[in-house]
Amino acid sequence: MAGAAALAGAAVPVAAGSAAASPAAAGTTEATPFPAVSVRPGDARYPDLVRGVNQRWTARPESVRLVATTEQVRDAVQQAADAGKRLTVRGGGHCYEDFVFNDAVETVIDLSEMTAVRYDEQRGAFEVQAGATLTDVYERLYKAYGVVVPGGVCYSVGVGGHVSGGGWGMLCRRDGLIVDHLYAVEVVVVDARHRARVVVATRERDDPHRELWWAHTGGGGGNFGVVTRYWFRSPGATGAMPGSLLPRPPAEVLLSAVSWPWGEMTEQAVTRLVRNYGAWHEAHAAAGGPYDGLVANLSLNHRSNGQIGLLTQMDATVPDARGLLDAFLRAVSDGVGVPHGAVTDAMGEHGPMPEFATPRRLPWLQATRYLGVTNSVLVDPTLRGDHKSAYLRRNLPERQIATMYRHLTRTDFTNPNAMVLLSSYGAAVNSVPRTATASVHRDSAFKLLYQAYWHSADEDAANITWLRDLYEDVYASTGGVPVSDRNTDGCYVNYPDIDLNDPRRNRSGVSWSTLYYGENYPRLQRVKAAWDPTDFFRHGQSVRLPER
């Protein structure tokens, strides 16, 4: 854990564009935890190191390289480049597709021992190694400095891929995406001569490597090199006091968890509930209002779950926070005709939460721990899953809600862990221009995650088929995917979906790259050509080199 391994103090930075020649040059100020370790088939550890969180994805690489320093990463990359080995990188292991663990990979670099979180006095920014998990980061930044980066909910998500894909979380409407606070990134790249070197790229306007920084503000993981470290400092933050360089989270938040019983919910009631949720978010999509501190997730679970759930977190330090939260709950419930009660069943990534049927005030870190580690899904290492996504600029049309209702109430398919999750977006996220970062989705009100979890490979076909049918039916008018239009705006790259590559599934004529990156994709391709000209770092949806 980073809390045990990371020490406060200055880190010695790598000069921009330079190759790290030693642990000291790579910014390591403490003893190397261990030399790089190669785990190969036959080693007792091997089966645990060749699979992700999603048990659909396993691999048989020649070796898994456990690394602890930037120098060790560079050496591992160089060895793979010299031998012509197909290489992938594991951070937290949460990739929804097989981009890390697949049949082609020969070497996996495992960053799980690179967990340091500390303040870098020379850069005036917080350094986070790419193998740190979100809980590590939150604990260290808050306990030592009283600050936060607005990242995701799940405790075990690795920083490396989460940040590079944009990074959404429960503070997004108040503080934006995690990449909105990214100051610099350290990357091991491979040049046209197959030479691995370490580059630090910052957001400084005069940094010749600034485009490489920009590509990591939402350009996705595994595209340009191996990220070894990030540095965070909010734009405009100045001074030498660490506690003033990143947002301070609310001292307390209000948590609410309510549900509606499926047995009493007619199609009209479900439609009203979803429309209420969407209308509220459409009306509050811009930043600057009292609701910037509110984020709510509406779980439209399959009927077999028994309940539809709404989890809400509200900044409790806002004047009349409880009154604002109550007004939100009334707005979402208005006209549904079925009273909400406690969440007594597990749904999605959370277990039963009956104690939050009446909103409870909790310290921010306690609430973050609760939401991050008390989920029944992500602490189960045996689950398989499939996922799809969409951004919503405006409310869902009733015909799309009707399609969701039809699939969520199908009797030929039963899975309590199948759902459509509606999550708050907008406010501070939308205050950043679409091209200022690689995260292009800057005018959406909320986003959707279509997902299913199950245990056995025998259940793969039924669950994948159900999810495909649901998704493609919802977006039937635009070729089976959420093409950018008045209502929708593509897909979230951190919820990767390889079906977007398949013309049988994506019949829109709009490429997966446009759905993820919009008008930012050609710029990402130019960064790819500059920093990974041989396409050494690649996967099923990696940024492609531009056509010559």
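**Figure 1. Charges and overall form of the predicted chain.** Lys and Arg count as positive and Asp and Glu as negative, whereas His and the chain ends are not counted. The place of a charge is taken as NZ of Lys, CZ of Arg, CG of Asp or CD of Glu. On this basis the chain carries 54 positive and 58 negative side chains, and the centres of the two sets are 3 Å apart. The model is predicted, so local features need pLDDT of at least 70 and side-chain atom pairs count only at pLDDT 80 or more, while totals for chains, interfaces and linings use all residues. Residues are numbered from 1 along each chain as its sequence is written, and side-chain values use heavy atoms, with hydrogens and water left out. There are 14 helices and 17 strands in the chain; helices (H or I, at least four residues) and strands (E, at least two) are DSSP runs, numbered from the N terminus. The radius of gyration is 22 Å, close to the 24 Å that the globule rule gives for 548 residues, so the chain is as compact as a globular protein of that length. This radius is taken over C-alpha atoms, and the globule rule is 2.2 Å times the number of residues to the power 0.38. Along the principal axes, the C-alpha atoms fill a box of roughly 65 × 50 × 45 Å.

**Figure 2. Confidence along the chain.** The pLDDT, which is the predictor's confidence in each residue from 0 to 100, averages 93 over the chain, and 93% of the residues score at least 70. Over residues 1-30 the pLDDT is below 50, and this stretch has 81 contacts in the model beyond near neighbours in sequence. Contact means heavy atoms within 4.5 Å.

Figure 3. Leucine 87 belongs to strand E3 (residues 87-90). With 2% relative accessibility, leucine 87 counts as buried; buried means under 20% relative accessible area, exposed over 50%, and partly exposed in between (1.4 Å probe, protein chains only). Leaving aside neighbours within four places in sequence, the contacts of leucine 87 include Ala76, Val105, Phe536 and Phe537. The C-alpha atoms of leucine 87 and alanine 76 are separated by 9.5 Å, and the two residues are 11 apart along the chain.

**Figure 4. Serine 164 in helix H5.** Serine 164 is found in helix H5 (residues 159-164). Its relative accessibility is 1%, and it counts as buried. Not counting residues up to four places away in sequence, serine 164 touches His216, Thr217, Gly218, Gly219, Gly220, Gly221 and Tyr230.

**Figure 5. Threonine 435 in a loop.** The loop between strand E16 (418-424) and strand E17 (446-454) holds threonine 435. Threonine 435 is partly exposed, at a relative accessible area of 42%. Residues up to four places away in sequence aside, threonine 435 touches Trp214, Glu519, Asn520 and Arg523. Between threonine 435 and phenylalanine 537 there are 24 Å in space, C-alpha to C-alpha, and the two are 102 residues apart in sequence.

**Figure 6. Two loop residues with positive phi.** Histidine 194 lies in the loop between strand E7 (182-190) and strand E8 (196-202). Its phi is near 65 degrees, a positive value in a residue other than glycine, and histidine 194 counts as partly exposed at 38% relative accessibility. Aspartate 320 lies in the loop between strand E12 (307-315) and helix H9 (321-333). Although aspartate 320 is not a glycine, its phi is positive, at about 55 degrees. Aspartate 320 is exposed, with a relative accessible area of 56%.
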